[in-house]
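We'll go from one selection to the next, with a quick look at what sits at each stop.

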Amino acid sequence: MAAKTGFFTNAQDFNIHGSNFTTHQTTTTIIQPPAPVVDPLEILHEHRAIEASHTSKTAASAPRCKPGTRIQAIKDITSWANGIPAEPSSSEKSVLWLRGPAGAGKTCILRVVTRTCRKNGTLAGDYFFSTRVPGLDNETPFVATIVSHLITAIPALDHPVRETIRLNPKIFEQSLEFQMEELISKHITSIAPQTPRILVVDGFDECRDQAQRGRLLRLIHSLVAPPNSFRVVIASRPELDIRMAFDLDPLKSITKVVHLEDYETSGEIYQYLSDEFARIRQTHPAKRSIPSDWPGEPILYALTDKSSKIWAYPSTVIKYVDNPRRHPVDLLKHVLNTSSTASSGRPFAELDAIYKIILNPPDVDIALMKRLLHVIIEITPLPLFLDGVSETLTHRILSAPNLDEFLSLGEGTTEITLCDLHSVLSVTEDTKHPYIYFHHKSLEDYLRSPERAGDLYQSQANTHSDILTVCFHNMELWNRKLISPNADFQSVDTILAYSCAALRHLLFKEKCFPPSVLDFDARIIWRCFAFAGWHPPTQYEFNDFVNSFHNAMCKEEAECRQSCASFRRMLEYWDRLCTIVLGGTSPWPMARLSRFEGECRGLFAPLDLSPPKKAIPTSRHRLGDASARVPPPKTLSKSGTGNGARGRHIMPESTSTAGSTQRPQGAGSSSRTTPQPAKPGCAMM
């Protein structure tokens, strides 16, 4: 008897949308719910950086130009933007580059210029880069943010932009060049040339990646070229790659360069200091004991001279002296005494001197303060290199309570340690996700320089090693919670989510190997990834990582280290692991974990600690593919090969079966001490 056949015999991996099929005189109707309606504006807003605007909450609390200051610089830039150049040759330029050193007041000036252009109806859009606000130190949201401004400033662009996004809702996952072409260049030709065409871009050097800066400059060139014909004001420090770009065509011939240091500011700084000290005399709790002529003209002139046209110096001095808990006269004497010993041979000598005072407060654990400051520096940009990390997660981890928990510090430790640093640190006014940030990038520059920071300097590699050690510790703590018979978590908390994100980047991409990784049971990573619903590294990244890790840590050992053996076991189960971790559809973390443990019993089998008999592959193929096996590299780093404790956190063999889970008993019973910053740096491969 012949087997029955039909339309879908042996068919797989296909979709049917509302069709009718007739077979053997039987009508089958397959009805599928209509696809969800795409809201283009919602997609656009999801990918823009709202804090990059001059109207954001960040801008509202940012320093501003004191009335009556920077008048000439603001006038010159605004006149150029409105087509009234100070010199005839400037009328042909479509880009104005405002360059100046850190702390010179570029951002304050451009905020005034932006507000003025908005009032005049000539502002098309603006973007303020920042290393102190998560999400604003990279290129990703640039085009989406500019487009969101353009459809407001130029209403005729609204419909074509929405239609483009509706037809291609994944457009913001494509290249910036493609986004620019599809969302702006294709539609701008039909727009009247009298529409607003001024774009303001500030803090361009605070886009951290030089390659990204190069791409953005090419985009800016396309914005000013026909048919777009925008005029762009861009401000930055004169970093080498930026200088070289503006010194060469095509940007050189279309750019007017304004050197901020050419403007005389001594009188404005003197007046600023005079007004601020007068305010302190009138409002300080100790005002009755402050002389009416304090601090006097000689001191005002001395402080003005020490500023060297860098506004960060006088503003930091004022913030430091304006401390209601200490007498301002004594604080100013401290500033003057320290400044008198500063070396005049260094351009930031006076600024460094005031930072040295502020960062050495009395009765504070300096080592802990140093650790917190460097962790804050590195946490801010780190998630922007990770897949799926939101700005909100970064904001949450940078709050004082979450920093305490993330670093295993006692409650209130971060706030107590940093309480005297009000003149250089601040907390956002966002009541939902308040986070700590630096007032000015010059402090980050100071702490990153061993010559300037001295004992407060810590290398980026050591800070990354510290953060990764903390991530291991947090994942081990969560693993103990997850194997508890009473575990029933309905959500993933900030600490575990950020630990998964940071570990994915530092361990698998940066290949940072701190001592804490030597006795870490790597299978915990996959359990936490499964529980948190986090994306694991790609197979290529993981193959490359395992090869590097084995050769760095086990090359001269009699047997593979515990963590290396568990990493190799992960590689053997790669396909199943990815299917389980990425394939779960349940929103409940305990359901994802149950499925993970039920379907991956072999992952919890006892480890084979013998050296691998064959080389670990560096190709994209699985370990089981003999053709993919290649010898490890011959020249490798030997760092991190010292003996370390092993096998202290081995997950016991699970007896679970698919569909039901029997939790391991006794795992995670051993205790670990709170992690301390690793002494050596990362073994960066």
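Before the first selection, some ground rules: two strands pair if DSSP finds at least two bridges between them. Helices (H or I, at least four residues) and strands (E, at least two) are DSSP runs, numbered from the N terminus. You're looking at a predicted model, where local features need pLDDT of at least 70 and side-chain atom pairs count only at pLDDT 80 or more, while totals for chains, interfaces and linings use all residues. Residues are numbered from 1 along each chain as its sequence is written, and side-chain values use heavy atoms, with hydrogens and water left out.

**Stop 1: the sheet.** Select residues 95–99 and 231–236: these are strand 3 and strand 6, running parallel and joined by five bridges. Zoom in on Arg99, whose bridge partner in strand 6 is Ser236. Now bring up the whole open sheet, five parallel-paired strands in the order 4-5-6-3-7. At the edges, pairing on one side only, are strand 4 (123–128) and strand 7 (255–259). From one strand to the next, the twist averages 15 degrees.

**Stop 2: helices on the sheet.** Next, pick residues 240–247: helix 9 lies across strand 3, strand 6 and strand 7, at about 145 degrees to strand 3.

**Stop 3: helix 3.** Select residues 71–81 and show side chains. Ala73, Ile74, Ile77, Thr78, Trp80 and Ala81 are buried (under 20% relative accessible area; exposed is over 50%, partly exposed in between, with a 1.4 Å probe and protein chains only). Looking down the axis of helix 3, these buried residues fall within an arc of 160 degrees, so they line one face; the arc is that of the directions from the helix axis to the C-beta atoms. Ile71 and Lys75, on the other side, are exposed. Covering the buried residues are, among others, strand 3, helix 4 and strand 7. Just past the helix, Gly83 has a positive phi of about 80 degrees.

How values were computed
Axes fitted to C-alpha atoms, helices over the stretch in contact; angles between N-to-C directions. Contact = heavy atoms within 4.5 Å.
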